[in-house]
Structure formats: C-alpha cells, structure tokens
Amino acid sequence: MSSAPKLVVTSDPAQIVRTELLEGLKRGRWPAGGRLPTERKLCADFGVSRSALRRVLQELRDMGLIEQKVGSGTYVTEGAAGARDGQEFEPSSISPAEIMEARLLLEPMLVDLIVSNATAGDFEHLDECCAQAEAAGTLEEFEHWDSALHEHLALATHNGFFVRVFQMLAEVRNSGEWGLLKKKSVTPERRARYQHEHRQIVAALKNRDADTAKQHILEHLVNVRFNLLGRV
C-alpha cells in the first residue's frame, strides 16, 4: 500500500522526482535529521531543471517533510518520520459517498487560506493542472490532473494540516471504486463542464475573490456528486 498519492504522468520529470522523493521520505530512505542529496545531484539524477526541482522542494517543505538551511542543505524533518508511523489507512475502506461529504465540507475551507497565502507560483501550478487536464487524451490522464488540481489547492494554503488531509483524499480518489464510478459517469460533455468549473475556481482565487471561489467550488462539488452518485 502506497503511503503517498500516486499523481504521476511519466512524461513529466518534475512529477517523477516529486513522487520518488515522497516515496523515499515516507519509506525512511533518508532518516529524520538526515540531509538530502544536493540540488545539483538531484537534478542530474532525475534529469530536471533547477527551477523544477525547487518547486518540488517547496511543496515538500509546505508539507512539513523537509527544511532547508541556507548554506547547509536540505534536511528531513521529524514530520517525515511521523508520516511513516501510525498514519497509514486503507483507502478502499472509504466510500465515494463519504469522500464527497468530506470534500463538500473541507474544500471551501481552503479558500480563505489560499486567498491569504498563495503565491504566484501556486497559481502557475493551478493553471498548469487546468491546461494539462484540458489537453489530456484519456480519462485516466484527465483524472490525474483533476486530482492534482485539488491537491495543489491544498498546497496553496501553505498549511501542513490541510496538505496532509488532501493527500489522504487523493489516495482514496486513486482507489478502485472511485475510478470505476468516474469511468461510468464522465461523458465528454461532463468533462468539458468540469474543465470550465476548474477555470472558474482558479480565476476567482487569482482575483483573491474568496466569496466567488467558495461558490464555484460548492457548485462544482455538488455537480460531481450528482454525476457520481445520482444525488445532490
């Protein structure tokens, strides 16, 4: 069982290095207090640019898994060890109905923190998720970037609690039952509507318009729940 959400498209080197570092941290490849390889070595090992690597490291820092010390390097925090000990759960034990209930409660709560804390880089990530979802040639690729968008919303809060909660939500989204429902429920018309709704959410957040963003998120989630479960 994976301890981190599998949000990987193999053609994206930044996503590959992100997943590899997450797996290494969660599995204890680098112990708490230990130092990660240098940025130069990581870039060479994974074939990514320095700017792409630094975006990944920023995400890991926001998740509370690493800390960076100027002139010294990047170190593993105690939080990474805590993520390995006693925090596993079984995604298949949580139903799609339960996950939609949680999302309807939690996702609007992200908005105020995003409006207060999100950086230009965060909005670039959200725009990229929208663009990749729109360009996706398969439902699997679309679902990957759909999930990535909602995870990046949590990352844009720069709040470690919400980041961890939405990692768990992403794990559930990657479980079999959710995937089967998505395949049955997503028509080309519904996918186009989801893409439009995602753009509306991101646009409102970029405008720092919390009320409009919350409204769009709720409308989107109610639409998703109806399409998945047949009820509002």
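Student: Why is R208 called partly exposed?
Tutor: Buried means under 20% relative accessible area, exposed means over 50%, and partly exposed is in between (1.4 Å probe, protein chains only). R208 has 37% relative accessibility, so R208 counts as partly exposed. R208 is found in the loop between helix 10 and helix 11. Helices (H or I, at least four residues) and strands (E, at least two) are DSSP runs, numbered from the N terminus.

Student: What makes the phi of R208 worth a remark?
Tutor: Phi of R208 is near 60 degrees, a positive value in a residue other than glycine. Most residues other than glycine have a negative phi. H158 also has a positive phi, near 55 degrees, and is not a glycine. H158 is found in the loop between helix 7 and helix 8. At 28% relative accessibility, H158 counts as partly exposed.

Student: What kind of model is this, and how are residues numbered?
Tutor: This is a predicted model, in which local features need pLDDT of at least 70, side-chain atom pairs count only at pLDDT 80 or more, and totals for chains, interfaces and linings use all residues. Residues are numbered from 1 along each chain as its sequence is written, and side-chain values use heavy atoms, with hydrogens and water left out.

Student: How do you know how confident the predictor is?
Tutor: By pLDDT, the predictor's confidence in each residue, from 0 to 100. The mean pLDDT of the protein is 83, and 86% of its residues reach 70 or more. Confidence is lowest in helix 4 (residues 78-84), at a mean of 65, and highest in helix 10, at 96. Over residues 1-11 the pLDDT is below 50.

Student: What does the protein consist of, by secondary structure?
Tutor: The protein has eleven helices and two strands. Buried residues make up 50% of its 232 residues.

Student: Why is H198 called buried?
Tutor: H198 has a relative accessible area of 3%, and therefore falls under the 20% limit. H198 lies in helix 10. The buried residues of this helix also include R191, Y194 and L205.

Student: Which residues does H198 touch, leaving aside its neighbours within four places in sequence?
Tutor: H198 is in contact (heavy atoms within 4.5 Å) with C130, D146, L149, H150 and H220.

Student: What makes a set of residues a nonpolar core?
Tutor: The residues must be buried Ala, Val, Leu, Ile, Met, Phe, Trp, Tyr or Cys, joined through side-chain atoms within 4.5 Å. The largest such core here has 39 residues, and those with the most contacts inside it are V111, I114, F166 and L205. The largest share of this core, eight residues, comes from helix 5. A second, separate core of 22 residues includes W30, C43, L57 and L155.

Student: Why are F161 and F162 called an edge-to-face pair?
Tutor: Rings of Phe, Tyr and Trp (its six-membered ring) pair if their centres lie within 6.5 Å; planes under 30 degrees apart count as stacked, over 60 as edge-to-face and the rest as tilted. A search of the whole structure finds one aromatic pair. F161 and F162 are 5.6 Å apart, centre to centre, with 70 degrees between the planes, so the pair is edge-to-face.

Student: Are these two residues buried or exposed?
Tutor: F161, at 57% relative accessibility, counts as exposed, whereas F162, with a relative accessible area of 9%, is buried.

Student: How do you know that the charge of K69 sits over the ring of Y75?
Tutor: NZ of Lys or CZ of Arg must be within 6 Å of the ring centre and within 35 degrees of the ring normal. The charged end of K69 sits over the ring of Y75, 4.7 Å from its centre.
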